[in-house]
Amino acid sequence: QATLDVVVALVPEAGWPGAHFGVWTCEEPPMPDATFDASAWGPAQQQYGLLHLLLARSAIHDELARAVPARNHLKALDTRLCSPALGPSPFPAGSFSPTNAPAPEEESDSDASYISEGEPSELSQLVSWGKGQRGAWWRVRASLREDLVVRSGLSPSSAEIRRVAPGDLLQQKGCPRVLRGERSHGCIRMPVQPFGWVTADASRCGGSQYLVRAHTPSWKVVYQGEVIVRSSIELDSEAVLSLSFGDMVDQVGPQESFHGILRMPIMSSRRGSGGDVDDHGRSEDAGVVPKMSGWVTVDASKVGGPVFFKILAERPLKAAPRS
């Protein structure tokens, strides 16, 4: 009603006597004490100037035109990297490195609750196979004529992640499980680092044994210069150790490509003297240094750099049992 009063006051009805360009000139105006103020704003007195009303109308129009945000508070997470029983990580994202990893004795392989079994679900149970444990190394049988497929889950029908060529190494992440389903009954599946599952042994269901035990991979520095061991995969992280030509290290995790540079987590507990070292990493005059862990660059040739390490030949090791 207040807005209507303003409109009536501003736009006299047709035929009103004395109206001239919106200015009241009648001798006896209807409201002798009324004054016109376009900037007036007095809600308590129900006084609303035209300027403020136009501003209010503009604000209401903008508010009504604004899209209503969807009330969706769900977030997506890759299920192959998690498990319902998995607790929060003690490390911030991207901060994990061998130097702050929990000691092996603090972890238990009595169950695989910390490893996602992925989808689709598969009937299985824990099995003791190959005398392996978390952190053990396995080699894909060189006699295989096909690559070993790493899948996202325990089921052989889960999504494929990558392939591993015959002769390449894999690191065990947890306890193997034997499948109890009708199609793959007796097949032994194993979780591997950094994530994924492989078929370790399918001999019980008419297939082949795909993995054999391997020694921890040992590497020798072949670069004629200083090699820096750093605290994490980042190239500008803290330097923790310096290696020289002939020094040897043990690989403690899978290699990763970092901006085209092949990086590797290592444990260094042996130091060569810079002299001759055989293919198995033995040197009579090699000294011993305290165990130090970190990350090194294995190969930077893709970005125009040198090759820093060469893997040492592995001594023969008995194959895992087939039953």
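In this predicted model, Leu-148 is in contact, once its neighbours within four places in sequence are left aside, with Val-140, Arg-162, Arg-163, Val-164, Leu-170, Val-198, Thr-199, Tyr-210 and Leu-211. Leu-148 also belongs to the largest nonpolar core, a group of 24 residues in which Trp-129, Val-140, Leu-148, Leu-170, Met-190, Val-198 and Leu-211 touch the most other members. At least two residues of this core come from each of E6, E7, E10, E11 and E12, and the largest share, three residues, is that of E12. Apart from this core lies another one of 15 residues, including Trp-219, Leu-243, Met-264 and Val-298.

Three strands form an open, antiparallel sheet in the order E9-E6-E13. Strands E9 and E13 stand at its edges with a single partner strand each, so one side of each is left without a neighbour in the sheet. On average, and with direction ignored, neighbouring strands of this sheet are turned by 40 degrees against each other. The antiparallel pairing of E6 with E13 runs over four bridges, and Trp-137 stands opposite Ala-214 in E13.

For the protein chain as a whole, which holds two helices and 21 strands, the computed totals are as follows.

| Property of the protein chain | Value |
|---|---|
| Buried residues | 32% of the 323 residues |
| Contacts between residues 24 or more positions apart | 61% of the contacts with a separation of 6 or more |

How values were computed: Residues numbered from 1 in each chain as written. Predicted model: local features only at pLDDT ≥ 70, side-chain atom pairs only at ≥ 80, totals over all residues. Heavy atoms only, no water. Pairing = 2+ DSSP bridges. Axes fitted to C-alpha atoms, helices over the stretch in contact; angles between N-to-C directions. Buried < 20%, exposed > 50% of the residue type's maximum accessible area, 1.4 Å probe, protein only. Contact = heavy atoms within 4.5 Å. Core = buried A, V, L, I, M, F, W, Y, C linked by side-chain atoms within 4.5 Å.
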